[in-house]
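Welcome! Have a look at the structure below, and then we will go through some questions about it together.

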Amino acid sequence: MKELSRHIAGYLFGFVVFILLIPYGLYQLAQSEWLFQDVVIFKSNVVRLVISILVFIVGAVFGAWSNIFLNKVGKGGPVEAFGIALSPPTKKLVTSGPYCYTRNPMVFGAFMMYLGVSLYLNSIMDVICVTSFLVIMTVFLKFSEEKRLERDFGQEYTEYRKKVPMIFPFIRWL
């Protein structure tokens, strides 16, 4: 029962922060944009709508897909930062599903969702913010999360890391 309540707390926390608060913050930033107020990403509302929805859907699919695989295959949850886990940590290294395309499909999914929101809002400040978020997350993942995964899963994770890109499917630079 305790593990179930930790899973629920982790997913509830994730929903509130990543699905409600961050998009709301992007909306607020776009509304108060003063630095790039004359910059328009898309002139056509139809093009903006189609591209933003496609980008958002890719992110939502990766986000949901990775959570399902982490729970079903890894027998744990995604909510952990700085060694504090709200949901139980994974018991098995997940390398299938979205994890065969990127080692961090949730980060990729969140980035794409927030980029989709930013494009929909036609906000260059939001795009800059979301890109900055990705850079910060990449640094965090490299120096914190990857160390924990090496410690927890050893050689299995080291081999996996050599084969699968860190963030973007099919793009290897880290």
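What follows is a set of questions and answers about this structure.

Q: What kind of model is this, and how are its residues numbered?
A: This is a predicted model, in which local features need pLDDT of at least 70 and side-chain atom pairs count only at pLDDT 80 or more, while totals for chains, interfaces and linings use all residues. Residues are numbered from 1 along each chain as its sequence is written, and side-chain values use heavy atoms, with hydrogens and water left out.

Q: What makes up the secondary structure of the protein?
A: The protein has 4 helices and 2 strands. Helices (H or I, at least four residues) and strands (E, at least two) are DSSP runs, numbered from the N terminus. Along the sequence they follow the pattern α-α-β-β-α-α.

Q: How many residues does the protein have, and what percentage of them count as buried?
A: There are 174 residues, and 39% of them count as buried. Buried means under 20% relative accessible area, exposed means over 50%, and partly exposed is in between (1.4 Å probe, protein chains only). The protein exposes about 10,100 Å², with carbon and sulfur atoms supplying 71% of it; such areas come from the Shrake-Rupley method with a 1.4 Å probe, and for residues only the protein chains shown count as cover.

Q: Why does V16 count as partly exposed?
A: The relative accessibility of V16 is 33%, so V16 counts as partly exposed. This residue lies in helix α1, which covers residues 2-31.

Q: Which residues form the nonpolar patch on the surface?
A: They are L12, F13, F15, V16, F18, I19, L20 and L21, with about 710 Å² of accessible area together. Patches are made of residues with over 30% relative accessible area and no salt bridge; like charges are joined within 9 Å, and nonpolar side chains (Val, Leu, Ile, Met, Phe, Trp, Tyr) within 5 Å.

Q: How many aromatic pairs are there?
A: The count comes to 8 aromatic pairs. Rings of Phe, Tyr and Trp (its six-membered ring) pair if their centres lie within 6.5 Å; planes under 30 degrees apart count as stacked, over 60 as edge-to-face and the rest as tilted.

Q: Why is the pair of F62 and W65 called edge-to-face?
A: The ring centres of F62 and W65 are 5.7 Å apart and their planes stand at 65°, so the pair is edge-to-face. F62 and W65 are 3 residues apart in helix α2 (residues 45-72), so about one helical turn separates them. F62 counts as buried because its relative accessibility is 11%, whereas W65, at 29%, counts as partly exposed.

Q: What makes the pair of F111 and F168 edge-to-face?
A: The planes of F111 and F168 are at 90° and the ring centres are 5.7 Å apart, so this pair is edge-to-face. F111 lies in helix α3 (residues 105-120) and F168 in the segment after α4 (124-163), so the pair ties together parts that are 57 residues apart in sequence.

Q: Where does the charged end of R48 sit?
A: The charged end of R48 sits over the ring of Y120, 5.0 Å from the ring centre. For this, NZ of Lys or CZ of Arg has to be within 6 Å of the ring centre and within 35 degrees of the ring normal.

Q: Which phi value does N122 have, and where is this residue found?
A: N122 has a positive phi of about 60° although it is not a glycine. Most residues other than glycine have a negative phi. N122 is found in the loop between α3 and α4, and it counts as buried because its relative accessibility is 16%.

Q: How do you know that E150 and R161 meet in a salt bridge?
A: A salt bridge is a side-chain nitrogen of Lys or Arg within 4 Å of a carboxyl oxygen of Asp or Glu, and the N to O distance for E150 and R161 is 2.2 Å. E150, at 26% relative accessibility, counts as partly exposed, and R161 is partly exposed at 23%. The protein's count comes to 7 salt bridges.
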